[in-house]
Amino acid sequence: IKKYIENSNFEETGFYYTLSLISGKHKMIILYCLMEFEVVLSTNEDYLKKITDKTLSNNLKELEANHLIIRKEYPQIPPKVEYRLSDRGRSLMKVLDQLCVWGENNREE
């Protein structure tokens, strides 16, 4: 077992890859909000109130770059940008939903 562990590369696993896409304090919250509310505007909405605008913007850019969300920009003044889950992002919601279920079942009160 020790030799197997020494020769394994955690960074090549699917688990590591998935975590790399959703790591950080806010990405899972943003994805969950998109699942619940379908659209998140580029401005800091009430349900994302603990995230600064800069952090929200950076996280949205990363999620878009990883093809988990879709950005739609409207040519108007003031600018309006909406974000939605992509098909790839929706497929991840099954995993995040199970994390929520686990948390509800194992929450210490």
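Predicted model: local features only at pLDDT ≥ 70, side-chain atom pairs only at ≥ 80, totals over all residues.
Numbering starts at 1 along each chain as its sequence is written.

**Helix packing**

Helices (H or I, at least four residues) and strands (E, at least two) are DSSP runs, numbered from the N terminus. Axes are lines fitted to C-alpha atoms, for helices over the stretch in contact; angles run from 0 to 180 degrees between N-to-C directions. Angles under 35 degrees count as roughly parallel, over 145 as roughly antiparallel, 65 to 115 as roughly perpendicular, and the rest as oblique. Contact means heavy atoms within 4.5 Å. For residue classes, Ala, Val, Leu, Ile, Met, Phe, Trp, Tyr, Cys and Pro count as nonpolar; Asp, Glu, Lys and Arg count as charged; the others, Gly among them, count as polar.

Helix H3 (residues 27-37) packs on helix H5 (residues 87-106) at an angle of about 105°, and their axes are 11 Å apart. H3 is therefore roughly perpendicular to H5. From H3 come Met28, Leu31, Tyr32 and Met35; from H5 come Leu92, Met93, Leu96, Leu99 and Cys100. The contact of H3 with H5 has nine nonpolar residues, no polar and no charged.

Helix H2 (residues 14-22) crosses H3 at roughly 80°, with the axes coming within 8 Å. So H2 is roughly perpendicular to H3. Ser20, Leu21 and Ile22 of H2 meet Lys27, Met28 and Leu31 of H3. This contact of H2 with H3 holds four nonpolar, one polar and one charged residues.

**Selected residues**

Relative accessible area sorts residues as buried (under 20%), exposed (over 50%) or partly exposed (in between), using a 1.4 Å probe and protein chains only.

| Residue | Relative accessible area | Class |
|---|---|---|
| Cys33 | 7% | buried |
| Leu92 | 10% | buried |
| His26 | 12% | buried |
| Cys100 | 31% | partly exposed |
| His67 | 53% | exposed |

Leu92 lies in H5. Beyond its neighbours within four places in sequence, Leu92 contacts Thr18, Ile22, Leu31 and Leu68. Leu68 is 24 residues away along the chain, with 8.3 Å between the two C-alpha atoms.

His26 sits in the loop between H2 and H3. Not counting residues up to four places away in sequence, His26 touches Lys50, Ile51, Thr55 and Asn59.

A disulfide is a pair of cysteine sulfur atoms within 2.5 Å. By this rule the count is zero.

**Hairpin and backbone**

Two strands pair if DSSP finds at least two bridges between them. Strands E2 (residues 69-74) and E3 (residues 80-85) run antiparallel and are joined by six bridges. Ile69 has Leu85 in E3 as its bridge partner. Five residues lie between the two strands of this E2 and E3 hairpin. Pro78 belongs to that loop. The peptide bond joining Ile77 and Pro78 is cis, with omega about -5°.

His67 lies in the loop between helix H4 (53-65) and E2. Its phi is positive, near 60°, in a residue other than glycine. Most residues other than glycine have a negative phi, and most peptide bonds are trans.

Technical notes:
Heavy atoms only, no water.
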